[in-house]
Amino acid sequence: MKNHRYCLEFFAFYDHTAIQVAKVVALVVENEEMAAQGWLLEKPGNFLWIYRRTEPRRLHAAVTYFPTASPFDPSPSQGELTMEEFCAQDGWRLLARWGQMQIFVSQEEDPVPIDTDPMTQVETVHRSMKRAMLPGHLVLAAVILWQLWFQLLQFRQGPVGFLASTSSLLGVPMWLLLLLATLYEIFFYFWWHRKAVRGAADGFFLPVRTNRLASALLLGGAIFLLLFSAIGSRSRLGILLGGCALYGVTILLTGRVREMMKRRGAPKMATMVVTIGLAAIFASLSVWGMVAATIRGNLWREPPPAETYEFSGHTFSVYHDPLPLTVADLTAPGDVRYSTQAEREETFLLARTRYSQDALLGEARGAPELTYTIIEVKTPFLYPLCLASVTKEDPLFETQYRPTEAGPWGAAAAYQMYRHGEPTSWYLLLWEDRLAEVRLEDLPLTPQRMAVIGEKLRTA
């Protein structure tokens with residue numbers, strides 16, 4: 001029989017009303033085999049609350065706040081201990097501490113209230129909020145706004161890649177839901193505080209009635225979008241779950257270190273510096289490790305390479321992906337070995353597929369090669385945006401697309417890229433629902449080759 005129960009709770013830090021009436025002394029379970037079971041709160045937390053088995057009995061709960069308390073304090077302050085003694089005289093026993101929050105229980109049928117002055121209650125809650133929840137929530141809101149701004153910059157720099165990426169496209173509503181969840185807590189608190197001050201002036205304390213379901217739905221929606229963006233890609237899902245696991249390990253380890261330092265009586269500032277420093281180090285190492293694994297192992301690439309080879313002391317991958325247009329369709333490739341690679345990104349708005357056929361390094365100097373990208377526009381109103389993005393001039397490399405004859409390609413329109421005013425072997429072909437960029441290496445154009453390229457890319 002388990003003696004502990006772990007529950008996910010979504011209490012706002014200041015929602016002492018819900019905490020008092022919910023699961024603090026809850027869960028009397030009755031069935032055919034057991035008359036009753038009781039659970040008592042042992043350790044509260046941001047999301048995970050731990051309960052321990054106890055004898056079923058009816059208890060009253062009260063939540064108070066001590067604004068100057070800190071989770072980094074090595075032990076309760078003299079003020080907290082004095083408050084605990086006064087409460088004990090009225091039959092209240094301290095059950096748990098959570099930062100500035102203290103949770104008391106009493107077996108008295110009609111216990112004396114701990115807080116009797118409404119104005120003092122409101123002021124105590126407000127001072128605790130300014131030290132505990134509000135700074136963290138404001139920082140979190142600022143981080144989310146920065147992420148949304150970063151998403152906007154990504155869209156402006158490359159709208160085609162952004163709209164073709166499920167993770168990028170779903171990132172915007174995901175961050176918006178997280179922002180709404182964060183702002184909801186902040187705005188609801190200030191709305192309650194304004195009304196509570198007026199109520200305290202009239203001699204009563206306004207209970208807090210947060211909508212925990214709304215917070216849970218907003219947070220759950222963001223998590224769903226995050227997971228949905230990785231569906232269909234085992235590597236992305238693995239990276240996502242690995243990141244979540246590393247975050248959990250970081251929280252667990254830093255929490256253990258903090259509690260160990262508190263038990264040993266370490267000064268508050270030392271505990272704070274070590275805990276925050278370890279969290280920053282673990283987070284940095286986690287991000288660095290995931291980035292390094294992604295770069296070295298090409299974790300975003302599925303399926304894995306068919307083989308590898310060595311050249312100049314480095315290892316290179318060889319792929320054998322099927323391509324709609326190959327060098328063999330345009331000329332006899334001879335005995336050259338190639339790596340053929342296809343990388344596709346697709347959403348309900350558009351799809352972008354990059355194809356390449358590259359000769360293995362060091363085996364065939366001057367062998368013909370192909371690189372091309374096909375953009376399938378599923379939503380017609382996005383076509384001008386895609387065209388403007390692809391044909392945008394690059395002042396750094398002085399590149400621009402100039403119109404060229406489309407007839408030989410069998411396209412609605414065609415462009416040739418110029419660099420530093422000189423023509424290159426990079427072309428852009430347009431059809432009603434797609435754009436195709438193609439670059440030819442050591443493959444001189446002929447009308448026959450242009451016709452083959454246009455037909456293959458139009459129907460790919």
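Modeller: Tyrosine 189 belongs to helix α6, residues 166-201. Helices are DSSP runs of H or I with at least four residues, strands are runs of E with at least two, and both are numbered from the N terminus. The model is a predicted one, in which local features need pLDDT of at least 70 and side-chain atom pairs pLDDT 80 or more, while totals for chains, interfaces and linings use all residues. Residue numbers start from 1 along each chain as its sequence is written, and side-chain values use heavy atoms, without hydrogens and water.

Biologist: Why is tyrosine 189 called buried?

Modeller: A residue is buried under 20% relative accessible area, exposed over 50% and partly exposed in between (1.4 Å probe, protein chains only). Tyrosine 189 has a relative accessible area of 0%, so the term buried applies. The C-alpha atom of tyrosine 189 is 9.2 Å from that of histidine 126, and the two residues are 63 apart in sequence.

Biologist: How do you know whether aspartate 321 is buried or exposed?

Modeller: Aspartate 321 has 14% relative accessibility and therefore counts as buried. This residue sits in the loop between β8 (314-318) and β9 (338-346).

Biologist: What lies 2.9 Å from a polar atom of the side chain of aspartate 321?

Modeller: The backbone nitrogen of alanine 342 does. A polar contact is a pair of N or O atoms within 3.5 Å; within protein, one must be able to donate a hydrogen and the other to accept it, and residues adjacent in sequence count only if both atoms are side-chain atoms. The 2.9 Å between alanine 342 and aspartate 321 falls within that distance limit.

Biologist: Which residue forms a salt bridge with glutamate 80?

Modeller: The partner of glutamate 80 is arginine 97, with the closest N and O atoms 3.2 Å apart. The term requires a side-chain nitrogen of Lys or Arg within 4 Å of a carboxyl oxygen of Asp or Glu. Glutamate 80 is in helix α2 (residues 78-89) and arginine 97 in strand β5 (residues 93-98), so this pair ties together parts 17 residues apart in sequence. Glutamate 80 is buried at 5% relative accessibility, whereas arginine 97 is partly exposed at 29%.

Biologist: With which glutamate does arginine 97 form a salt bridge at 2.9 Å?

Modeller: That residue is glutamate 84. Glutamate 84 lies in helix α2 and arginine 97 in strand β5, so parts that are 13 residues apart in sequence are tied together. Glutamate 84 is partly exposed, because its relative accessibility is 28%. In general, side chains of opposite charge can pair when their charged atoms come close.

Biologist: How many salt bridges does the structure hold?

Modeller: The structure holds ten. One of these joins glutamate 376 and arginine 344, at 3.0 Å from N to O. This pair links distant parts of the chain, with glutamate 376 in strand β11 and arginine 344 in strand β9, 32 residues apart. Arginine 344 is partly exposed at 43% relative accessibility. A network of salt bridges connects Arg344, Glu346, Glu376 and Lys378.

Biologist: Which residues form the nonpolar patch on the surface?

Modeller: Ile223, Leu227, Leu237 and Leu241 form this patch, with about 320 Å² of accessible area together. Patches take residues with over 30% relative accessible area and no salt bridge, joining like charges within 9 Å and nonpolar side chains (Val, Leu, Ile, Met, Phe, Trp, Tyr) within 5 Å. Areas come from the Shrake-Rupley method with a 1.4 Å probe, and for residues only the protein chains shown count as cover. Helices α7 (212-228) and α8 each supply at least two residues of the nonpolar patch. Leucine 241, in helix α8, has 47% relative accessibility and so counts as partly exposed.

Biologist: What makes up the positive surface patch?

Modeller: Lys43, Arg256, Arg263 and Arg264 form it. Lys and Arg count as positive and Asp and Glu as negative, while His and the chain ends are not counted; each charge is placed at NZ of Lys, CZ of Arg, CG of Asp or CD of Glu. Arginine 264 is in the loop between α8 (234-263) and α9 (268-297). At 70% relative accessibility, arginine 264 is exposed.

Biologist: What is the phi of serine 312?

Modeller: Serine 312 has a positive phi of about 55° although it is not a glycine. The residue is in the loop between β7 (307-311) and β8, and its 59% relative accessibility makes serine 312 exposed. Histidine 420, in the loop between β13 (413-419) and β14 (422-430), also has a positive phi of about 55° without being a glycine.
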